[in-house]
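Reader: Hello! I would like a close look at a single part of this model, told as one connected story that I can follow with the structure open beside me. Please take me through it slowly.

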Amino acid sequence: MKRILFGSDVWARGSVHSHLFRLSSEIIVNCKRKIYKIMYKIAYVTLLIIFVISCNQKKYTIMKEDKKVTNVEKVEKSNSEWKSILTDEQYHIMIEKGTERAFTGKYWDVFEKGTYKCAACGFALFDSETKFDAHCGWPSFYDSIDSTRITTDDDYKLGYKRIEIMCSRCGAHLGHVFPDGPKPTGQRYCVNSVSIKLDTLSEKPNRD
Ligand SMILES: [Zn+2]
């Protein structure tokens, strides 16, 4: 049997419908607001990450450009020639780009005055005045004698980016440079003792 709807019934149903409609509209608006907020947060974090990465890239680029090589007379030798000149350990570290064990090298704990030269070609690389104790087990310097004496290259051997340092005259591997050194440069040239030789007698070469 069909129920006859009175005015109050119709009004009540209409009111319930409009209430439900209002409620669902509010839920949709709230959801939209939450989604927008999350999207803003994601966009903000993404921009922040891009900014940090680009800053790091810039730092590395500046570091690399600063080490441009000019007017350095090159020493070029074949691997077999280097093998006959260098010790097995020097050949492994300087030519095959190995690393000596921390706290085992000759110079990590030496603070005598003098000039540290490339062990392969004798090119003056670091002044003892820039040597500091980095507590890392390798001789560490906050600067090279001048920017022409060291060349750099990107090294991903450990799965992340490091900056390799080499003698700019003969190309021998020295170690790596990290942006966590002391003032005034903020750089830490972390060098294998095997790759350098301390000359306590030589005069200090002029900086550029
Ligand atoms: Zn050299």
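Author: Happy to. Let us begin with a definition: two strands are said to pair if DSSP finds at least two bridges between them. Please also keep in mind that this is a predicted model.

For orientation, the chain has 208 residues, of which 23% count as buried. It holds three helices and nine strands, and along the sequence the pattern reads α-α-α-β-β-β-β-β-β-β-β-β. Among the contacts with a separation of 6 or more, 60% are between residues 24 or more positions apart.

Now to the sheet. Six strands make up an open sheet in the order β3-β4-β8-β7-β6-β5, and the pairing is antiparallel. At its edges are β3 (131–132) and β5 (150–155), each of which pairs on one side only.

β5 runs antiparallel to β6 (residues 162–167), and six bridges join the two. One place to look is D153, whose bridge partner in β6 is E164.

The next step takes us from β6 to β7, again an antiparallel pair, joined by four bridges. Here I165 has G175 in β7 as its bridge partner. β6 and β7 form a hairpin, with five residues between them. If you stop in the turn, you will find G171, which has a positive phi of about 80 degrees.

From β7 we move on to β8, and these strands pair in the antiparallel sense over four bridges. H176 has C190 in β8 as its bridge partner.

Between β7 (173–178) and β8 (188–191) there is a loop, and G186 has its place there.

Is G186 buried, exposed or partly exposed? It is partly exposed, because 13 other C-beta atoms lie within 10 Å, while exposed would need 12 or fewer and buried 20 or more. Leaving aside neighbours within four places in sequence, G186 is in contact with P179 and G181. G186 also lies 8.9 Å from D143, C-alpha to C-alpha, although the two are 43 residues apart in sequence.

Phi of K97 is near 60 degrees, a positive value in a residue other than glycine. F103 is in the loop between α3 and β1 too. It likewise is not a glycine, yet has a positive phi of about 60 degrees.

What of their surroundings? K97 is partly exposed, because it has 17 other C-beta atoms within 10 Å. F103 is exposed, because it has 11 other C-beta atoms within 10 Å, and the cut-off for exposed is 12 or fewer.

Definitions and conventions: Residues are numbered from 1 along each chain as its sequence is written. This is a predicted model: local features need pLDDT of at least 70, side-chain atom pairs count only at pLDDT 80 or more; totals for chains, interfaces and linings use all residues. Two residues are in contact if their C-beta atoms, placed from the backbone, lie within 7 Å.
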